[in-house]
Amino acid sequence: MSQLFTPFQLGSVELSNRVVVSPMCQYSADDGVAGDWHLQHLIQLGCSGAGLVMLEATAIERRGRITHGCLGLYSDACESALIRVMSAVRRFGGSTRFGIQLAHAGRKASAHRPWEKGGDPLGPGDDPWQTMAPSAISYDTGWPAPDALGERGMERILSSFHDAAHRAARIGFEVVEVHAAHGYLLHEFLSPLANHRQDRYGISLVNRMRFPLAVVQSVREALPEDIVLGVRITGTDWSEEGWLPDDAVAFVRQLQPLGVGYVCVSSGGIIPSVAAPVAPGYQIPLAAKVKRETGINTRAVGMIVTPEQAEDVIVSGHADMVCMARAFLDNPRWVWHATEQLDASVSYPPQYARAKRSIWPGAALIRPLSD
Ligand SMILES: Cc1cc2nc3c(=O)[nH]c(=O)nc-3n(C[C@H](O)[C@H](O)[C@H](O)COP(=O)(O)O)c2cc1C
């Protein structure tokens with residue numbers, strides 16, 4: 001019997017299975033405001049049969065967006081647009097639950113969309129804005145130097161995270177996730193590769209964790225108890241001078257008493273010169289270590305593609321949930337086909353039921369079951 005397609009109790013939220021659609025920026029918002037692209041994208045994923053769909057990195061302040069197209073939750077207009085989108089999505093979404101990722105891009109903000117100039121920083125004619133980070137060190141050559149945040153800036157960001165969490169709760173998200181990975185602001189505080197501060201937010205691990213932990217606490221305080229709070233963390237910077245797997249374990253031990261219900265273990269992104277050893281399932285051992293050493297509910301992510309691979313993550317006990325991004329861009333029907341492969345079942349819209357393998361002989365021609 002498939003373990004991937006068993007329900008999972010994530011705090012007070014029951015997921016119908018352990019498949020999670022990973023947060024994915026769509027770069028299609030207008031001043032943070034969701035539009036019709038989000039509507040079609042999320043309705044489609046809501047019909048996918050996944051247990052949980054995570055909305056993309058959503059900026060808690062305007063300056064925290066990566067690009068001019070990033071989704072935001074920093075204004076009434078942002079909130080009303082997401083209310084409109086999510087109420088339509090929920091009408092068709094079946095048992096799929098929805099969460100949102102709250103983020104601040106730090107020194108990687110003020111950039112082009114990836115499909116425009118390869119995601120390079122905005123130039124003088126592109127309406128750029130001043131970025132900010134723990135230290136005034138740019139992400140890469142050719143990137144502008146960020147302002148080093150002072151206490152006032154940090155207070156403002158804390159309260160923006162808090163306010164965005166209130167908005168997320170009002171919209172009705174059941175899961176809220178703080179983005180502390182991929183080289184964005186909170187990861188910049190955590191990693192010695194980006195944080196060169198000499199004050200109580202720098203040097204030691206305890207100091208580097210201080211601001212990210214304060215953010216998580218302020219988000220938790222804004223959320224009713226029945227909303228699950230998660231954190232996307234970095235398992236490693238893939239550099240001996242950077243953030244290491246043992247640091248990730250130490251961070252999770254500090255997150256647990258704050259009421260964090262799960263972590264998603266990703267990696268990389270803090271400096272461009274270090275290449276991650278990308279291969280199928282390459283981040284799973286990082287998730288497994290975090291789970292083994294802390295016992296927290298853990299989500300594995302990164303180059304998990306096939307149903308067998310996803311099933312193995314759960315059966316082996318390496319993680320509690322499997323998170324996939326590009327596999328769902330490629331094939332939003334991933335869950336339907338995986339259940340055929342793993343002899344499990346899933347509920348999806350009856351309007352589409354005639355494509356089921358048990359009813360339609362054509363299915364065997366386009367997706368033969370492997371032995
Ligand atoms: C188009 C796209 C947008 C992404 N946006 C986000 C994001 O908003 N937040 C985040 O934490 N990760 C983001 N990621 C990373 C994915 O969530 C995921 O961690 C990564 O793609 C590895 O998983 P995969 O091999 O299943 O694609 C994005 C990835 C893609 C392909």
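Select His179 and the ligand first: a polar side-chain atom of His179 lies 3.1 Å from an oxygen atom of the ligand. Taken alone, the ligand exposes 610 Å², and the protein buries 82% of that. Everything on this tour belongs to a predicted model.

**Around the ligand**

On Ser22, a polar side-chain atom lies 2.7 Å from an oxygen atom of the ligand. On Gln101, a polar side-chain atom lies 2.8 Å from a nitrogen atom of the ligand.

**Colour by confidence**

Now colour the protein by pLDDT. The average is 97, and 99% of the residues score at least 70. Where is confidence lowest, and where is it highest? The lowest mean, 92, belongs to helix α11 (residues 362-366), while strand β8 (residues 175-179) has the highest, at 99.

**Gln26**

Select Gln26, in the loop between β3 (19-21) and α1 (36-46). Gln26 counts as buried because its relative accessibility is 11%, and the cut-off for buried is under 20%. Its side chain is joined to that of Trp37 by a polar contact of 2.8 Å. Not counting residues up to four places away in sequence, Gln26 touches Trp37, His38, His41, Glu56 and Trp115.

**Thr67**

Move to Thr67, in the loop between β4 (52-59) and α2 (76-92). Is Thr67 buried or exposed? Thr67 is buried, because its relative accessible area is 1%. The side chain of Thr67 reaches the backbone nitrogen of Gly69 at 2.9 Å. With neighbours within four places in sequence left aside, the contacts of Thr67 are Tyr27, Ala111, His112, Arg113 and Trp129.

Most residues other than glycine have a negative phi. At 4% relative accessibility, Ser110 counts as buried.

Lys117 is found in the loop between β5 and β6. The phi of Lys117 is also positive, near 55°. Lys117 counts as exposed because its relative accessibility is 55%, and exposed requires over 50%.

At 41% relative accessibility, Gln130 counts as partly exposed. What does its side chain meet? A polar atom of the Gln130 side chain lies 3.2 Å from the backbone oxygen of Ala145, and the side chain makes a polar contact with the side chain of Asp147 (3.4 Å). Leaving aside neighbours within four places in sequence, Gln130 is in contact with Arg63, Ala145, Pro146 and Asp147. For a distance across the model, pick the C-alpha atoms of Gln130 and Ala164: they are 34 residues apart along the chain and separated by 21 Å.

**Helices α6 and α7**

Show α6 (245-255) and α7 (284-294) together. In α6 the buried residues are Asp247, Ala248, Val249, Phe251, Val252 and Leu255. They pack against α4 (185-190), α5 (205-222), β9, β10 and α7.

In α7, select Ile284, Leu286, Ala287, Ala288, Lys289, Val290 and Thr294, which are its buried residues. Their cover includes β9 (228-234), α6, β10 (262-266), β11 (297-301) and α8 (307-315). Just after α7, stop at Gly295, where phi is positive at about 80°.

**Helix α10**

End on helix α10 (residues 334-341). How many of its 8 residues are buried? The helix is mostly covered, with 6 of them buried: Trp334, Val335, Trp336, Ala338, Thr339 and Glu340. To see what these buried residues pack against, show β3, α8, β12 (321-324) and α9 (326-330). After α10 comes Asp343, with a positive phi near 55°.

Technical notes: Residues numbered from 1 in each chain as written. Heavy atoms only, no water. Polar contact = N/O pair within 3.5 Å; in protein donor to acceptor, adjacent residues only side chain to side chain. Areas by Shrake-Rupley, 256 points an atom, 1.4 Å probe, with all protein chains shown as cover. pLDDT = per-residue confidence, 0-100. Helix = DSSP H or I, 4+ residues; strand = E, 2+ residues; numbered from the N terminus. Buried < 20%, exposed > 50% of the residue type's maximum accessible area, 1.4 Å probe, protein only. Contact = heavy atoms within 4.5 Å.
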